[in-house]
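Hello,

Here is the structure I promised to pass on to you. Have a look at it first, and then read on for what turned up in it.

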Amino acid sequence: MIDDKGLVSQVISGDRQAFRMLIKRHERLVSHMIARLIDNQEDREELCQDVFLKVYEKLGEFTFQSKLSTWIATIAYRHGINHLRKRKIEIHELPAEENHKEQFISNENVEENFSDQQLDSMVMSLIDQLPPQYKAVLTLYHVQAMSYPEIVEITGLPEGTVKNYLFRARHLLKEKVKKHLGKETWI
């Protein structure tokens, strides 16, 4: 398998097959980044295409100061945020604290009630309910397995803010899962 430097070199020299390979290698990352920020499916598809066009245009400027995946994720993240700003969609910085009554949740037999696929689907739908920047940070950290410095580079947020968003996202997700499981187990 060709490494990133060789792949970039081939793309810059005009090899269309190498560009297809670059897209194939990073389409999941771009798709996840855009999906965590943008709700509309048509907008998602268009933005993913736009991201790869931008990658193609700017690839000659890439200097390997970071990993190629980090650079591409940065473009995707910024493209998604710019789209939200253009559409004047509010980016939720910090949601208002909600007062929740404690619910009794039976953890017994949760595995029997949900298959792995159902649990994955439920968790992903609950993640989609989080504010866009929380979804993005959570996806980068847990799905893409990126480090704090990589997430800082991609988002342009200070490391403390990234950690804070990750903490808050996990907390909100945990509450949503508890609430959802509580409803499911008592139906």
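**What I found**

The side chains of Lys 163 and Glu 159 meet in a salt bridge, 3.1 Å from N to O. Please keep in mind that this is a predicted model. Both residues belong to helix H9, which runs over residues 159–185, and they sit four residues apart, about one turn of the helix. Lys 163 counts as partly exposed because its relative accessibility is 39%, and Glu 159, at 35%, is partly exposed as well.

Tyr 148 is partly exposed, with a relative accessible area of 22%.

**Aromatic rings**

Tyr 148 leads on to the rings. The count of aromatic pairs comes to five. In one of them, Tyr 141 and Tyr 148 have ring centres 5.3 Å apart and planes at 20°, so this pair is stacked. Angles under 30 degrees count as stacked. Tyr 141 has a relative accessibility of 26% and is therefore partly exposed.

Phe 62 and Trp 71 make another aromatic pair, with 4.8 Å from centre to centre and 35° between the planes, and this one is tilted. Both Phe 62 and Trp 71 are buried. Together with Phe 64, they form one aromatic cluster.

Phe 64 deserves a look of its own. It lies in the loop between helix H3 (41–58) and helix H4 (68–86). Lys 5 lies over the face of Phe 64, at 5.4 Å from the ring centre. With a relative accessibility of 27%, Phe 64 counts as partly exposed.

**Backbone angles**

Most residues other than glycine have a negative phi. Phe 64 has a positive phi of about 60°, although it is not a glycine. Ala 145 is another non-glycine residue with a positive phi, near 55°. Ala 145 is found in the loop between helix H7 (132–143) and helix H8 (148–155), and its relative accessibility of 63% makes it exposed.

**The helices and what they bury**

Which residues of helix H1 (residues 4–12) are buried? They are Leu 7, Val 8 and Val 11. These cover an arc of only 100° around the axis, which puts them on the same side of H1. What covers them includes H2, H3 and H4.

H4 has 19 residues and reaches 27 Å from its first C-alpha to its last, close to the 27 Å expected at 1.5 Å a residue. Of its 19 residues, 14 are buried, so H4 is largely enclosed by the rest of the structure.

Helix H2 (residues 16–37) holds His 26. Is His 26 buried or exposed? It counts as buried, because its relative accessibility is 6% and the limit for buried is under 20%. Beyond its neighbours within four places in sequence, His 26 is in contact with Asp 4, Phe 52, Leu 68, Ser 69 and Ile 72.

How many salt bridges does a search of the whole structure find? It finds seven, among them the Lys 163 and Glu 159 pair described above.

Lys 24 forms a salt bridge with Glu 27, and their closest N and O atoms are 3.9 Å apart. Because they are three residues apart in helix H2, Lys 24 and Glu 27 are separated by about one helical turn. Lys 24 is exposed, at 62% relative accessibility, whereas Glu 27 is partly exposed, at 36%.

Lys 135 and Asp 39 also meet in a salt bridge, at 3.6 Å from N to O. Lys 135 lies in helix H7 and Asp 39 in the loop between H2 and H3, so this pair ties together parts that are 96 residues apart in sequence. Lys 135 is buried, with a relative accessible area of 2%, whereas Asp 39 is exposed, at 60% relative accessibility.

Terms used:
Residues numbered from 1 in each chain as written. Predicted model: local features only at pLDDT ≥ 70, side-chain atom pairs only at ≥ 80, totals over all residues. Heavy atoms only, no water. Helix = DSSP H or I, 4+ residues; strand = E, 2+ residues; numbered from the N terminus. Buried < 20%, exposed > 50% of the residue type's maximum accessible area, 1.4 Å probe, protein only. Contact = heavy atoms within 4.5 Å. Expected span 1.5 Å × (residues − 1). Phe/Tyr/Trp six-rings, centres within 6.5 Å; stacked < 30°, edge-to-face > 60°. Lys NZ or Arg CZ within 6 Å of the ring centre and 35° of its normal. Arc of directions from axis to C-beta. Salt bridge = Lys/Arg side-chain N within 4 Å of Asp/Glu carboxyl O.
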